[in-house]
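Colleague: I have not seen this structure before. Could you take me through the terms used for it, one at a time?

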Amino acid sequence: VKAVPEEVVPALCRVVSEAGGDGIQKICTRFCETHPGVSKRQTEIKINEIAVKEKRGKDPVKKWYLRPEYLHLLNPGAAAAAAPAEDDDEDVDDRAGKRRGSDLEAGDAGGPPTAKRPRPSAVDASGAPAAGEPP
């Protein structure tokens, strides 16, 4: 088994940060074409170690995001593009008015512990107050 060498992890970080919503197999194939000595399965394992594919902010599409401890492996310009600003999810503006961080609760299992989302019952998919919520 040929593990992903540490010296090529920055290249893998670049491939993942540019992948958007691509599937993990597509990312593995792209990376292994330029690094033929690396196992596709080991590349897949390493991708899951360095990144997470999830929805963030108001973007309805799941995309790949590098974990914070790997952002330094990108060049400085790419690090800002790969990581959303800290306060992207801090305030949610819906038709009922602004909701502050105190009205938000931490994300469920699978997301980072600091992720905040509006309560599921507070707004519907369009952003309007859910049934039973005050306008």
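Modeller: Of the 135 residues of the protein chain, 32% count as buried. Keep in mind that this is a predicted model.

Colleague: What is the pattern of helices and strands along the sequence?

Modeller: The protein chain has 4 helices and 6 strands. In sequence order they follow α-α-α-β-β-α-β-β-β-β.

Colleague: Why is Leu-71 called buried?

Modeller: Leu-71 has a relative accessible area of 17%. Buried means under 20%, so Leu-71 is buried. Leu-71 is found in the loop between β2 and α4 (76-82).

Colleague: How far is Leu-71 from Cys-13, in sequence and in space?

Modeller: The two are 58 residues apart in sequence, and their C-alpha atoms are 8.0 Å apart in space.

Colleague: Cys-13 is in α1. What makes α1 and α3 roughly perpendicular to each other?

Modeller: Their axes cross at roughly 75°. Angles of 65 to 115 degrees count as roughly perpendicular, therefore the term applies to α1 and α3. The two axes come within 11 Å.

Colleague: Which residues of α1 and α3 meet?

Modeller: Val-9, Leu-12, Cys-13 and Val-16 in α1 meet Thr-43, Lys-46, Ile-47 and Ile-50 in α3. By class, this contact of α1 with α3 has 6 nonpolar residues, 1 polar and 1 charged.

Colleague: At what angle do the axes of α2 and α3 cross?

Modeller: The axes of helix α2 (residues 24-34) and helix α3 (residues 40-50) cross at roughly 120° and come within 9 Å. The crossing of α2 past α3 is right-handed. On the α2 side the contact includes Ile-24, Ile-27 and Phe-31, and on the α3 side it includes Lys-40, Glu-44 and Asn-48. The contact of α2 with α3 divides into 6 nonpolar, 4 polar and 2 charged residues.

Colleague: Which residues of α3 are buried, and what covers them?

Modeller: Gln-42, Thr-43, Glu-44, Lys-46, Ile-47 and Ile-50 are buried in α3. Their cover includes α1 (9-17), α2, β1 (51-54) and β2 (63-66).

Colleague: How do you know that Ser-39 caps the N-terminal end of α3?

Modeller: A side-chain oxygen of Ser-39 lies 3.2 Å from the backbone nitrogen of Arg-41.

Technical notes. Residues are numbered from 1 along each chain as its sequence is written. This is a predicted model: local features need pLDDT of at least 70, side-chain atom pairs count only at pLDDT 80 or more; totals for chains, interfaces and linings use all residues. Side-chain values use heavy atoms; hydrogens and water are left out. Axes are lines fitted to C-alpha atoms, for helices over the stretch in contact, and angles run from 0 to 180 degrees between N-to-C directions. Helices (H or I, at least four residues) and strands (E, at least two) are DSSP runs, numbered from the N terminus. A crossing is left-handed if the near helix is turned anticlockwise from the far one by less than a right angle, and right-handed if clockwise. Contact means heavy atoms within 4.5 Å. Ala, Val, Leu, Ile, Met, Phe, Trp, Tyr, Cys and Pro count as nonpolar, Asp, Glu, Lys and Arg as charged, and the others, Gly among them, as polar. Buried means under 20% relative accessible area, exposed over 50%, partly exposed in between (1.4 Å probe, protein chains only). A polar contact is a pair of N or O atoms within 3.5 Å; within protein, one must be able to donate a hydrogen and the other to accept it, and residues adjacent in sequence count only if both atoms are side-chain atoms. Angles under 35 degrees count as roughly parallel, over 145 as roughly antiparallel, 65 to 115 as roughly perpendicular and the rest as oblique.
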